[in-house]
Amino acid sequence: MFIDTHLHLDAGEFDTGRDALWQDARAAGVEQAIVPAVAAANFEAVRAMRQQFGVAAAYGLHPMYLAQHQDEHLELLADYLAREQAVAVGECGLDLFVPGLDPARQQQLLLAQLKLARHFDLPVILHVRRAVDQVLKCLRQVRVRGGVAHAFNGSEQQAQAFIELGFCLGFGGAMTYQGSQRIRRLAANLPLSAIVLETDGPDIPPEWAQGQPNRPDNLPRIAAVLAGLRAMPLAELAAATSANARRTFDRL
């Protein structure tokens, strides 16, 4: 059985056939998923996913939606974290790849969300794009209990820095491409205790689903790629990564 630690089940790409989509995932062996919110505007949609499908919910303010975020949304976020059975704060983080996203404002919001995570004793789901060192600096400034560096694409040294701060690293569709040599080396060589599985559906589709929305029922095949890279039985990998997810997100 597998746990998808990052699935945007509320995304518009899944509006037609969402029930069947989740049924297919369960039939494929995906026992649970974490659905992270990205802005105040979709907090209610994420809550609805938890109520309808029994998935886990996380709430955060994603850096790519910076133009939508208002200071009062931090108060709303705190309210959802307090009363809506959140398993994590997120998706939050820094994105220094997309042009036009004010780095100072991003950092301000990330630090505020880290403080909320510390207050509520919750792990954090981090978006980290072209900003690994900057995110690590924020984590050292505001210590939290850990979480996941989602879609990790840094160096081995940076990976070890996250691990030392109590974080797991999320691996998904990008790892399935033969050309993703750095990600594949990390997936093969990092401690198994530091790895969790994710799809990021509908985003980051695997090699066999290019140009299509990434579905949660792709997760077992993604896991099989990882098992092959690590030369270990798939069942053993499934058990280990699920245990890692439950240890990291202890409210699952």
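Close-up 1. D95 has R129 in β5 as its bridge partner. This is a predicted model, in which local features need pLDDT of at least 70, side-chain atom pairs count only at pLDDT 80 or more, and totals for chains, interfaces and linings use all residues. Residues are numbered from 1 along each chain as its sequence is written, and side-chain values use heavy atoms, leaving out hydrogens and water. Strands β4 (residues 86-95) and β5 (residues 124-129) run parallel and are joined by 5 bridges; two strands pair if DSSP finds at least two bridges between them.

**Close-up 2. The open sheet.** Here 8 strands line up as β1-β2-β3-β4-β5-β6-β7-β8, with parallel pairing. Because β1 (2-4) and β8 (195-197) each have a single partner strand, one side of each is left without a neighbour in the sheet. On average, neighbouring strands are turned by 30° against each other, direction ignored.

**Close-up 3. Helices on the sheet.** Helix α2 touches β2 (30-36) and β3 (56-59), its direction making about 165° with that of β3. Helix α4 (residues 103-120) lies across β4 and β5, at about 160° to β4. Angles run from 0 to 180 degrees between N-to-C directions, with axes fitted to C-alpha atoms, for helices over the stretch in contact.

**Close-up 4. Helices α2 and α3.** The axes of α2 (residues 43-53) and α3 (residues 71-83) come within 12 Å and cross at roughly 10°. The two helices are therefore roughly parallel to each other (angles under 35 degrees). F43, E44 and R47 of α2 meet L76, L77 and Y80 of α3, contact meaning heavy atoms within 4.5 Å.

Terms used. Helices (H or I, at least four residues) and strands (E, at least two) are DSSP runs, numbered from the N terminus. Angles under 35 degrees count as roughly parallel, over 145 as roughly antiparallel, 65 to 115 as roughly perpendicular and the rest as oblique.
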